[in-house]
Amino acid sequence: MSKKLRTEAVDHLFEAILCLESKEECYTFFEDVCTVNELLSLSQRFEVARMLRAQKTYLDIAEKTGASTATISRVNRSLNYGNDGYDMVFARMEPEKEED
């Protein structure tokens, strides 16, 4: 993680996120912290990553998510050359069965 990102303020935000206990609490918190567009952008990137892992084509992903090819490419780069954050989360979510 970039040293510029690793700050006391970011630590406080992550501590707040880690204390959330339900999906409903996440909705409540993130609706206060993020704009609707910020939250939709984050969820779109996550959906793109899920679909890339499922070997979907850029065209299929763009059609289903509305993401640009530039966004899909950035997410793909993170999946292939990032810090494995997506992989860590997807591995933990697998018991819930990822849907297509």
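**Entry 1: starting at an arginine.** I am working from a predicted model. I began with R53, which has a relative accessible area of 31% and is therefore partly exposed. Next I asked which residue forms a salt bridge with R53 at 3.2 Å. I found E94, with that figure being the gap between the closest N and O atoms.

**Entry 2: another partner for R53.** I then turned to D87, whose side chain meets that of R53 in a salt bridge of 3.7 Å, N to O. D87 lies in helix 6 (residues 85-93) and R53 in helix 3, so this pair ties together parts 34 residues apart in sequence. For D87 I noted a relative accessible area of 31%, which means partly exposed.

**Entry 3: over to a lysine.** How far apart are N and O in the salt bridge of K64 and E47? I read 3.9 Å for this side-chain pair. The cut-off I used is 4 Å, so the pair counts. K64 is in helix 4 (residues 58-65) and E47 in helix 3 (residues 36-53), with 17 residues separating them. E47 has 22% relative accessibility; buried would need under 20%, so I put E47 down as partly exposed.

**Entry 4: the salt-bridge tally.** I counted four salt bridges. Through shared partners, E47, R50 and K64 are joined into one network.

**Entry 5: charges.** I noted 13 positive and 19 negative charges in the chain. Their mean positions are 8 Å apart.

**Entry 6: stepping back to the fold.** How many helices and strands does the chain have? I found six helices and zero strands, and along the sequence I wrote the pattern as α-α-α-α-α-α. I also took the box filled by the C-alpha atoms along the principal axes, roughly 40 × 30 × 30 Å.

**Entry 7: contacts and surface.** Among contacts with a separation of 6 or more, 45% are between residues 24 or more positions apart. Of the 100 residues in the chain, 17% are buried.

How values were computed. Residues numbered from 1 in each chain as written. Predicted model: local features only at pLDDT ≥ 70, side-chain atom pairs only at ≥ 80, totals over all residues. Heavy atoms only, no water. Helix = DSSP H or I, 4+ residues; strand = E, 2+ residues; numbered from the N terminus. Buried < 20%, exposed > 50% of the residue type's maximum accessible area, 1.4 Å probe, protein only. Contact = heavy atoms within 4.5 Å. Lys, Arg positive; Asp, Glu negative; His and termini not counted. Charge placed at Lys NZ, Arg CZ, Asp CG, Glu CD.
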